Amino acid sequence: MTVCVGICTYNGAKYIRAQLESILNQTVKVDQIVISDDASTDNTVEIVKDVLVDSGVDYIISVNEKNQGLTKNGSICNSLLSGDIVIVCDQDNVWEPNLVEKFKEFFSNNKEAVYAFCNGYVTDKDLNIVKPIYDDKFMSMDEHTRVVNALTERSFPHGNTVALKRSFLNYIMPYMFYCDEWQGVCAFTSGYGFGSIDEKLVYFRRHENTISNSEKTDNKKSPLKGIFYKKFDEHFAWPYHQYKAYEKLLSLFKDTMKEEYASIVLSHMNFSKELSDLREYNIFQRENKIIKLYKKDDYRNYRGNRNTLFMDMIFLFIKQEKRWKLIN
């Protein structure tokens, strides 16, 4: 059973050496390391080459000519991975020396499983421990609860705590959601099997330049903020994109997904389709339709809270020529 590690880098010179050294110092050696650099402007690539050139581990370093963004760069990285088991990590984390050993042990003992995650610690920039990544409740969830929570609350493990079979990763590509969510929802609903390792094996470093921090927008504090950062067509293209994602999910696992989970996915899909179909109505019909959708439990489960409703209604009043340009 071979193990390949994938790392997406971007201006990670400050911390990438520590992450790579923790990978190279594992009790069980990895078989390959793949680096996909997203046009860094610092010396990240030079540090990577310096660490890996005499490591004795097979490696690939791919550098994008132009910045592609985290999701596209992740897809590039995934396309270069080999091996039976894939572990994708962040450029600024650190591993416990037995992380690879524990994941290999899990998959050796669970032949049908396609996905596993471990626990770890959230730390500050100097690796001082702040708290566990997951609490006891999250780690001890039974399979049914975990799947339902993933589908109704979008509760997924962080990608930097996950290992999965490469054959499964190839099967579910391309990503239809953010990579963590798409990997999780596919694994949990597939029927192929998944599991967890209740040991803290990752140091999840958080700092001012953490990529996941910079890509998030906080519209919860002020629902109006999103109006200034999104175009109308982008706002209402998302429900259509969700509809297509759930449609693909049902198609991928039509023969293995449990009926109960398929029913939840179908409810998601139908609701997203209803919301995206608002383009077929005039402005007054849209407002009436969206209020009716909100009164249904589906809206609160699949779309959001009152802030989201407020934003939806504001966008429905905005007049633009190409307001319903959808992203396929």
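Predicted model: local features only at pLDDT ≥ 70, side-chain atom pairs only at ≥ 80, totals over all residues.
**Exercise 1. Strand β1**

Task: Find how many residues of β1 are buried, and which of them point each way.

Solution: 
- Step 1. Locate the strand. β1 covers residues 3-9.
- Step 2. Check burial. The cut-off is under 20% relative accessible area. In β1, 7 of its 7 residues are buried.
- Step 3. Sort the residues. V3, V5, I7 and T9 point one way, while C4, G6 and C8 point the other way.

**Exercise 2. Partners of β1**

Task: Work out which strands pair with β1 and in what sense.

Solution: 
- Step 1. Take β4, residues 85-89. Here 5 bridges join it to β1, and the two run parallel. V5 stands opposite I87 in β4.
- Step 2. Take β2, residues 32-37. It pairs with β1 over 6 bridges, again in the parallel sense. C4 stands opposite Q32 in β2.
- Step 3. Together β1, α1 and β2 make a right-handed β-α-β unit.

**Exercise 3. The nonpolar cores**

Task: Identify which residues touch the most other members of the largest nonpolar core, then trace the contacts of W182.

Solution: 
- Step 1. The largest core holds 48 residues. Y115, W182, C186 and L249 touch the most other members.
- Step 2. Helix α11, residues 232-252, gives the largest share of this core, 7 residues.
- Step 3. Leave out residues up to four places away in sequence. W182 then touches I172, P174, Y175, M176, F177, A245, K248, L249 and L252.
- Step 4. Look beyond this core. Another core, of 31 residues, lies apart from it and includes I16, I35, L52 and I87.

How values were computed: Residues numbered from 1 in each chain as written. Heavy atoms only, no water. Core = buried A, V, L, I, M, F, W, Y, C linked by side-chain atoms within 4.5 Å. Buried < 20%, exposed > 50% of the residue type's maximum accessible area, 1.4 Å probe, protein only. Helix = DSSP H or I, 4+ residues; strand = E, 2+ residues; numbered from the N terminus. Contact = heavy atoms within 4.5 Å. Pairing = 2+ DSSP bridges. Right-handed = clockwise from strand over helix to strand, strands pointing away.
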